[in-house]
Amino acid sequence: MNPTRRRLFGSAAGAAALLLAPAARLLASAGAARAAPGYGPLALVRDSTTGLELLALPRGFSYASFGWRGEPMHGDAPTPGAHDGMGVVRERGGVATLIRNHEIVTDTGAFGPARIAYDPVAGGGTTTIKFDTASGKGGRARASLSGTLQNCSGGVTPWGTWLSCEEFVYEPAPDQAAAGRLGRLTKPHGFVFEVKPGGAAPRPLVGLGQFRHEAAAVHEPSGHVYLTEDREPCAGFYRFVPARREKLAGRGTLEMLKLVQPRELRGGLPQGQEFAVEWVRIDDPARAHSPGTRDGLGVFMQGHERGGAAFTRGEGCYATRDAVYFTASNGGAAACGQVFAYYPVRRTLALVFESPDSETLDFPDNLCFSPRGGLVLCEDGTRDRKLLQGLSAAGGLFPFARNEVVLHGAPYGHTGDFRAAEWAGACYSRDGRWLFANVFRPGFSVAITGPWRSGLI
């Protein structure tokens, strides 16, 4: 599948999450898809870092770009590209520390030092980068995980680490001959890795399953990890219940969501209505394929055979105290995207929003919750100029940022029309003043700030 069509967001934790409960209830009762005024019309705004007009934003908003592909990292190695999922893992003294995924699918070598490389020939991984919220400037990136494959999205943990998800299932022994251009890989892939800001020896979290991972979100009250799967036409929604909180490499149980009264979730679901769910156990989380095949469905089929529900193209996932939000990027009657909410206390699932056409919302991917009560949705569809959209607490959709990136050799030698490149990695600073996001190609991050208003994003 095209690696440009998958992305995430991370799960926020701490005090900001306490503000989200009322909004979570409002979003559950959203009606039919409708437009909202949001922050008003969009107009070109110059980047405070490069001076280029890279984005269109509402009046009063500004931004700074940082962490460009090709920009020297610590140690002077160039920053890798394919900027995807991202989250703020720490904030001290006004400096936000972000960990950012790089969704690279190659077997030409790891970009980081050997101590943080899982598979020495795999090209994906993460970088850690700091942003000073007082000066509005980003610092140099450093490699924090490498030797992984197609790191799509992930999620922040409440204890200050990042869960980076591989979206490529691979087993060296049976798959070696069939791998083609990836035939040099030396390790199995399709796992989640827990990344510390400074990096550490990589260890796959096998208990969280070996499948086409997209995003992960830790529900802080329970300690459960919720996981999306980016497959079509069938994908599962999972949770990992650790035997000990915060010990994701230890024992635990992987489960798949099941509706008590089965029904089709990929289209025709009434918006706002809640459905009771239960969870079925995955006995062998490390089963990469169905027996006798190389289909990558080893985990999904275990759950599906026990009645597990099928979504399509599960993407972003974000947990507040009351709800776990996730997207199905090509779900719905029009196959243009759905936003779901799972309520852990009530054990119910609801469709929060469904796009009626690509003009309204075009393949929602990564998402995050705003302290002001709305959802930020990153588009990854066919639109010529990709949008970062807001879904208000009242259920109204509005464009917030538009990709206007056209470059002529600067910065870092980038040339081309990148306006169709997807948005990814949306997340907020802890005080909610800065919205961070990634433009996948050519690959850079932005920090946006301005006159935020309650009830929007």
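**Entry 1: salt bridges**

I searched the whole structure for salt bridges and found 16. I count a salt bridge when a side-chain nitrogen of Lys or Arg is within 4 Å of a carboxyl oxygen of Asp or Glu. Side chains of opposite charge can pair when their charged atoms come close.

A note on the source: this is a predicted model, where local features need pLDDT of at least 70 and side-chain atom pairs count only at pLDDT 80 or more, while totals for chains, interfaces and linings use all residues. Residues are numbered from 1 along each chain as its sequence is written, and side-chain values use heavy atoms, with hydrogens and water left out.

I looked up Glu264 next. Glu264 forms a salt bridge with Arg266, with the closest N and O atoms 2.7 Å apart. Glu264 has 38% relative accessibility, so I put it down as partly exposed. Arg266 is partly exposed as well, at 26%.

**Entry 2: a buried pair and its network**

I moved on to Arg313. Its side chain meets that of Glu315 in a salt bridge, 2.6 Å from N to O. Arg313 is buried, because its relative accessibility is 2%. Glu315 is buried too, with a relative accessible area of 0%. Which residues are linked in a network of salt bridges here? I found Asp230, Arg313 and Glu315.

**Entry 3: a pair between two loops**

I checked Glu404 and Arg385. Their side chains form a salt bridge at 3.2 Å, N to O. This pair links distant parts of the chain, 19 residues apart. Glu404 is in the loop between β25 (396–403) and β26 (406–408), and Arg385 is in the loop between β23 (375–379) and β24 (387–391). I take strands from DSSP runs (E, at least two residues) and helices likewise (H or I, at least four), numbered from the N terminus. Glu404 is buried, at 9% relative accessible area. Arg385 is partly exposed, at 35%.

**Entry 4: the whole chain**

How many helices and strands are in the chain? I counted 3 helices and 30 strands. The radius of gyration is 20 Å, close to the 23 Å that the globule rule gives for 457 residues, so the chain is as compact as a globular protein of that length. That radius is taken over C-alpha atoms, and the rule is 2.2 Å times the number of residues to the power 0.38. The C-alpha atoms fill a box of roughly 55 × 50 × 40 Å along the principal axes. Of the 457 residues, 61% are buried.

**Entry 5: cis peptide bonds**

The bond from Glu232 to Pro233 is cis, with omega near 5 degrees. Pro233 sits in the loop between β14 (224–229) and β15 (237–242). A cis bond also joins Arg441 and Pro442, with omega about 5 degrees. Pro442 is in the loop between β29 (435–439) and β30 (444–449).

Why note these bonds? Because most peptide bonds are trans, and most residues other than glycine have a negative phi.

**Entry 6: positive phi**

I then looked up phi. Glu246 is not a glycine, yet it has a positive phi of about 70 degrees. Glu246 lies in the loop between β15 and β16 (252–259). At 44% relative accessibility, it is partly exposed.

Arg347 is not a glycine either, and its phi is positive, about 55 degrees. I found Arg347 in the loop between β20 (338–343) and β21 (348–354). It is partly exposed, at 39%.

**Entry 7: distances along the chain and in space**

I compared sequence with space. Where is Pro80? Pro80 is in the loop between β4 (62–66) and β5 (83–92). It is buried, at 9% relative accessibility. Pro80 and Gly443 are 363 residues apart in sequence and 8.1 Å apart in space, C-alpha to C-alpha.

Arg239 is in strand β15 and is buried, at 10% relative accessibility. Arg239 and Ala334 are 95 residues apart in sequence and 28 Å apart in space, C-alpha to C-alpha.

Note on methods
Buried means under 20% relative accessible area, exposed over 50%, partly exposed in between (1.4 Å probe, protein chains only).
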